[in-house]
Amino acid sequence: MNGYLCSETNFHQLWIKLQHKKSKSLLVCVSYRPPDSPLDCFEKYFKPNYVHALTMGKLIILLGDLNCDMLKPTPGSASLMKTTKELNLNQLIKSPTRITESSQTLVDVIFVSSPRLVVNSGVIETCISDHFPVYVSLKLKTDKSPPNYITTRSYNKYDPDLFAIDLASNRDRLVSIFGMDNVDEKLTIFNEIFLNTLDKHAPVKTIKVRGKSCPFITPEIKASMIKRDQLHSLFRKTRDHYDWLNFREARNFTKTALVNAQKEYVLKEVQQHRNNTGSRWKVIKENIAYRERESVVYSKEPKLVAEEFNHFFSTIGGNAAKKASTLIQDPSVYPARNLSDVNRTDNSYPEENDRFSFTPVSCSEIRNIILAMPSNKSPGKDKVSMRVIKHSLPVILGSLTDIINCSLSSSSFPIAWKEAEVIPLLKDRNHEEASNNRPLSLLTFLSKICEKVALNQFGSYLMKNKKLSTHQSGNKKHHSCEALNLLTGDTILKAMDGKLVTALILIDLSKAFDSVNHTFLLTKLSNVGASPSVVKWFDSYLTGRTQSVRIGSTVSTPLPVFYGVPQGAILSPLLFSICTNDLPSSVHHSKLESYVDDSKILLSFTVANVDCLKQQLEEDLYLIGNSCSENELLINPGKTKYMLIGTRQNLQQLPVDMTINFLNETITPVSFAKDVGMTIDSYLTYDQHITNLVSSCMNSLCQINRVKKCFDKEALTLIVSALVMNKMFYCSTVWSNTSSTNINKLQLVQNFACRIITNIGKFDHISPGLCELNWLPVKEQLLLREAIMMYKCVNELAPHYLSDLFTKRSDIHQRDTRSHDSLQIPLYKTSAGQRSFHYRGVTLWHDLDIKFKKLNSLKTFKNELKRSMLEQIYK
């Protein structure tokens, strides 16, 4: 992609492709924007060329004088940063590039698409020109990574039928466990038979992880590659023109053969696994060129690193809990206050007859649980995958059911199921520091089956008897992140309609799951209705746990864990919700909502009443902090986000200093923050959320576009829908009230995705392609998703806090009018209130044809309404 471009507004672009020896080539765009050139030139002229350049899959560098001062928040810098943010470009230059007697500006910039390749960058101060030169040093040749080893089972000679037959030959020993009373003895015999048999068919091996396999390379292609290399060596020696021509012909022939062979192989694999979703996705993941990540290399011996990480992970929960418990004794953090008037949760014990007890589970229930579990999850310490359990289900079902029933009836969780293998997942910064990693516990699948049984029974009891707080949206039927975000958005928009400003505080808990105190949790389990035998089972489930950290094939020595619930366990989210069940009732003035361990408080106020806001917020934060400290949960005030959301007019009337104090730290309001997967800004425009969304989707589409020739249309549609469209429409009913400009940005993303699948040309109209894929345009797709959410609300398929927003006119008056059964339209004075889902949903429901409203199935409603909308748009 080489060429010089100049727009009618004198925005200049020079695109050059550079090749340095054997390193990967890169694209450089040298650009100049005159001061009088309009700021939309980045969006109109640069962005289309950059998107086209992305399809080449190379490092891209943008540099030049764009006359936008990046040191100040000017319209020019805002416009440039907005465009580059969407395109995943990173600005490297941080110091002034032009200094005069009265000013200093940063107008000469360098943007890169892959900052990990940057070694150094900066400004060279010289008097050659009034602009200082800028530079960037790149590391184009990556270092060879050391070999990586993993311990796994080898399934090269594994045959499911032969394994089941071999296992069935031990049926007598499997049946013998039915007469035992000790669950650990039952499981010991079961594991001995099962694992010994599996070791014969799929032995555990330590293998070297090699680079990306290329099974499509045939002997003919290998011979062609050897010939190509020989001709290249000959040319290097002779430098003869004819030798160069021969090498170039062989190189091009080999390259074409490789591309065609890969395409044929992948198409064959996708077709062969058309009815096996897991296998088909494995083929897809192996061929999609995700952005390369640097391999994790440790400076210390793997065994030493694993031991250090395990010591940190096994003690971090206890350390956080102790720190939280000592905070409450510190009068500088928690000064004495009168808490007698705080509404506390009723801790009275339920009647004995109303308490929950486990009931025996049948073989059919265990079978349904196992078949519903995904087969592609990582196994635990025993390296037994879920697909192996499913293959052997006819043989082991009775024995496994007996072990689970024995565990529930004896209130004893088997010791072998309490061993976790922890994998450190890097969050950010230096990977060699344990604190920068998140521990993921890999548990045996048999233990998860038992957990699922307990979750189904105990969870149903809690929901039926309404034992969980209504302000907790995690792990509940019909509840979701989208539902909670809708509640938050409507609360804020309703306040804006009433000329109120809303204070939103997103509370961050440090090591929330890891610091759960087992004694406190067991007491709360009893408070919500668990019988003594159930409490004893949970006590057995929580205590006596051990964990070891695995790095590659190196495993640390097991260490005991005395605090927390294992991250990765099925029961952990529910147990944490029970642990914090009384947290929403601790606040006095504000409203607290939670999604598992993500909690936030909202408090709306008038500008005239701003003086009371600080006192009320700090009082509620004190009560929340006090409640968390009593439960040994540690709040991190440094990561707690504080926002003020309202109309521009109201926010401009607020005092400059709106800081609050929390746990001896000063918290300053921020302009935007991430909340349960969405980015919220101070005006609730969702501009920043759409910018991040476009950036993420465009990055995924560029990776897909590089390998699209390897897939047929059906597989390509599946990939784009799963990796891009699902991401793009996440929580769409919350932000669908954003500006038309943002909707148009998303439409461009959808158009790009459509062109990738259908091969429609750059200048061809997109509608035939969207029709071919049965895709609604973005605007109509948003309306469809809003209609689906309304159907859920009207038919009690949504949380009560959403369903209760909508009332029929017959509930207000008894007059028999034509609109007797219609929904009451809320009265909002401003456009802010009319942006709420409450108002939009009622308006949309009124305009919907009565035949759709009467459909008695959500699936039928989705299909029929989408079919009708497609016919109207593409007729």
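Colleague: At roughly what angle do the axes of α25 and helix α30 cross?
Modeller: This is a predicted model, and in it the crossing angle of α25 and α30 (residues 858–873) is roughly 155°, with the axes coming within 10 Å.

Colleague: What makes α25 roughly antiparallel to α30?
Modeller: The cut-off for that label is over 145 degrees. The angle here is roughly 155°, so α25 counts as roughly antiparallel to α30. The crossing is also right-handed.

Colleague: And what about α12 and α13, at what angle do those axes cross?
Modeller: Helix α12 (residues 393–410) and helix α13 (residues 445–464) cross at roughly 55°, and their axes also come within 10 Å.

Colleague: Why is α12 called oblique to α13?
Modeller: Run through the classes: under 35 degrees is roughly parallel, 65 to 115 is roughly perpendicular, over 145 is roughly antiparallel, and the rest is oblique. An angle of roughly 55° falls in the rest, so the pair is oblique. For handedness, the α12 and α13 crossing is right-handed.

Colleague: Back on α30, why is Ser868 called buried?
Modeller: Ser868 sits in helix α30.

Colleague: How far apart are Ser868 and Thr100 in space?
Modeller: Their C-alpha atoms are 64 Å apart, and 768 residues separate the two in sequence.

Colleague: Let's do salt bridges. What makes Glu786 and Arg840 a salt bridge?
Modeller: The rule asks for a side-chain nitrogen of Lys or Arg within 4 Å of a carboxyl oxygen of Asp or Glu. Glu786 and Arg840 have an N to O distance of 2.3 Å, so the pair qualifies. Glu786 belongs to helix α25 (residues 778–794) and Arg840 to helix α28 (residues 837–847), so parts 54 residues apart in sequence are tied together.

Colleague: Are Glu786 and Arg840 buried or exposed, and how do you know?
Modeller: Buried, both of them. The cut-off is under 20%; Glu786 comes in at 6% and Arg840 at 14%.

Colleague: How many salt bridges does the rule give?
Modeller: The count is 20. One of them joins Lys186 and Asp402, at 2.5 Å from N to O.

Colleague: Which residues form a nonpolar patch with Tyr4?
Modeller: Leu14 and Val30, and the three have about 270 Å² of accessible area together.

Colleague: Why is Thr152 called partly exposed?
Modeller: Thr152 has 28%, so that is its class. Thr152 is found in strand β11 (residues 148–153). Its C-alpha is 5.4 Å from that of Val204, 52 residues away along the chain.

Colleague: What stands out about the phi of Asn10?
Modeller: Most residues other than glycine have a negative phi. For Asn10, phi is near 65°, a positive value. Asn10 lies in the loop between β1 and β2 (12–18), and its 40% relative accessible area makes it partly exposed.

Colleague: And what is the phi of Asn475?
Modeller: Near 60°, also a positive value in a residue other than glycine. Asn475 is in the loop between α13 and α14 (481–497). With 43%, Asn475 is partly exposed.

Key: Residues numbered from 1 in each chain as written. Predicted model: local features only at pLDDT ≥ 70, side-chain atom pairs only at ≥ 80, totals over all residues. Heavy atoms only, no water. Patch = residues over 30% accessible without salt bridge, like charges linked within 9 Å, V, L, I, M, F, W, Y side chains within 5 Å. Areas by Shrake-Rupley, 256 points an atom, 1.4 Å probe, with all protein chains shown as cover. Axes fitted to C-alpha atoms, helices over the stretch in contact; angles between N-to-C directions. Helix = DSSP H or I, 4+ residues; strand = E, 2+ residues; numbered from the N terminus. Left-handed = near helix turned anticlockwise from the far one by under 90°. Buried < 20%, exposed > 50% of the residue type's maximum accessible area, 1.4 Å probe, protein only.
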